[in-house]
Amino acid sequence: MIRLATLSVLFLFSAFCYAAKAQVPALVDAAWLNDRLGDDQLVVLDVRSGIDNGGDRSSFQQGHIPGSVYSSYTNDGWRETRDGVTGLMPPVRSLERLIGSLGITNDTTVVVVPAGTGVTDFGSAARVYWTFRVLGHDAVTILNGGFAGWKAADYDVATGDGARLPVAQFKGELQEPLLASLEEVQQARDTQAQLVDARPADYFRGETKSPAAKAPGTIPGSRNLPHDSFINQQDEVFYLNRDAITEKVNTAELDPGARTIAFCNTGHWAATDWFVLSELAGFEEVALYDGSMAQWSQDSDRPMQVAKKGLSKLLDLFN
């Protein structure tokens, strides 16, 4: 198990180095953003969608951060379905067009704003954040608490359609180490990579199955680090809790020096784990497996691990 003191040092060192490299911290609060509203090179990107608790375009029109741009996380092309697998990263060119259509250039600092109304919607911001990073754009951050946190801080709220920025040119450069393929996941145990399942424990044990997955259970050898264990509710606002990171990571007995691959059902909840481990906890190399269980479980030849009567039972599912 990684010692608490060691992980704490890594956490602080990573936060310092990342902020220096990108010139923006990975996670910011409402006061940080309020001080910078109106900056020419800053775009506030609101990604609320139907998977949030009441979040969609109409919710944005009823209230949003002044000057922000809206893009639906679920409807505007941040993820796509291919070969029956939900939640995959679209081609780089498709993402370049989407991001450019929002008025974002390679010189833009992007603040991603989730709803802040539940444990799941931080994953929307984290997945969009990861998308920028996997395209080589490091000047990106997440507003902790999202729009709900902004309102709770009693800052100005605008209504209507939001900002409409001129279409811009955005050029992505794929950062392959941040994206794990099916083949890499299959080889993970041989290469000593860590597989981290971000789903709640009942999914990990195989007691609950997502409609996106063909079978219950998890990838054999995985560690469970539930995404929602990092989210705390304060009144009606849901924040990512920095103070929980060291405890949760050590409980899962994860090695910050090993290549780590986060997954879930469709690469959504896993984005929260990727963000925490890569951007806040100081892990050296973290990737997101966007295919996740939706892809892994498609082929019955791939093994699944489920828990039975409190024990972990390995099921080799061959035809």
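A cavity is taken here as a set of points, on a 1 Å grid over the protein atoms alone, where a 1.4 Å probe fits but cannot get out, and lining residues have an atom within 4 Å of a point. Grid points are joined across faces, edges and corners, and a volume is the space filled by probe spheres set on the points. The model is predicted, so local features need pLDDT of at least 70 and side-chain atom pairs count only at pLDDT 80 or more, while totals for chains, interfaces and linings use all residues. Residues are numbered from 1 along each chain as its sequence is written, and side-chain values use heavy atoms, with hydrogens and water left out.

We can start with the cavity itself. A search of the whole structure finds one cavity of 30 Å³ or more, and the volume of this largest cavity is about 40 Å³. Its lining consists of P114, G116, G118, D121, F122, G145, G146, I231, F238, Y239 and L240. Six of these residues are nonpolar, four are polar and one is charged; Ala, Val, Leu, Ile, Met, Phe, Trp, Tyr, Cys and Pro count as nonpolar, Asp, Glu, Lys and Arg as charged, and the others, Gly among them, as polar. Strand β11 (residues 237-240) gives the largest share of the lining, three residues. Domain 1 (27-153) and domain 2 (176-297) each supply at least three lining residues, with domain bounds coming from an automatic or database domain assignment.

Next comes the chain as a whole. The protein chain holds 11 helices and 15 strands, where helices (H or I, at least four residues) and strands (E, at least two) are DSSP runs numbered from the N terminus. Of its 319 residues, 54% count as buried, that is, under 20% relative accessible area, against over 50% for exposed and in between for partly exposed (1.4 Å probe, protein chains only). The accessible surface comes to about 14,200 Å², and 46% of it belongs to carbon and sulfur atoms; areas follow the Shrake-Rupley method with a 1.4 Å probe, and for residues only the protein chains shown count as cover. Among contacts (heavy atoms within 4.5 Å) between residues at least 6 apart in sequence, 76% join residues at least 24 apart.

Some individual elements are worth a visit. In helix α4 (residues 92-101), the buried residues are L95, E96, L98, I99 and G100, and their cover includes α5 (122-134). After α4 comes G103, with a positive phi near 85 degrees.

Most residues other than glycine have a negative phi. D83, not a glycine, has a positive phi of about 50 degrees; this residue lies in the loop between β4 (80-82) and β5 (85-88) and is exposed, at 74% relative accessible area. D154 likewise has a positive phi, near 65 degrees, in a residue other than glycine. D154 sits in the loop between α6 (146-152) and α7 and counts as exposed at 68% relative accessibility.

Helix α7 (residues 182-191) contains R189, which is partly exposed, with a relative accessible area of 46%. Leaving aside neighbours within four places in sequence, R189 is in contact with P220 and P303. R189 and P220 are 31 residues apart in sequence, and 8.8 Å separates their C-alpha atoms. V306, in strand β14 (residues 304-308), is buried, with a relative accessible area of 15%. V306 and I219 are 87 residues apart in sequence, yet 8.9 Å apart in space, C-alpha to C-alpha.

Technical notes: 1 Å grid on protein atoms, 1.4 Å probe; cavity = no way out; pocket = protein on both sides within 12 Å on 5 of 7 lines; lining within 4 Å.
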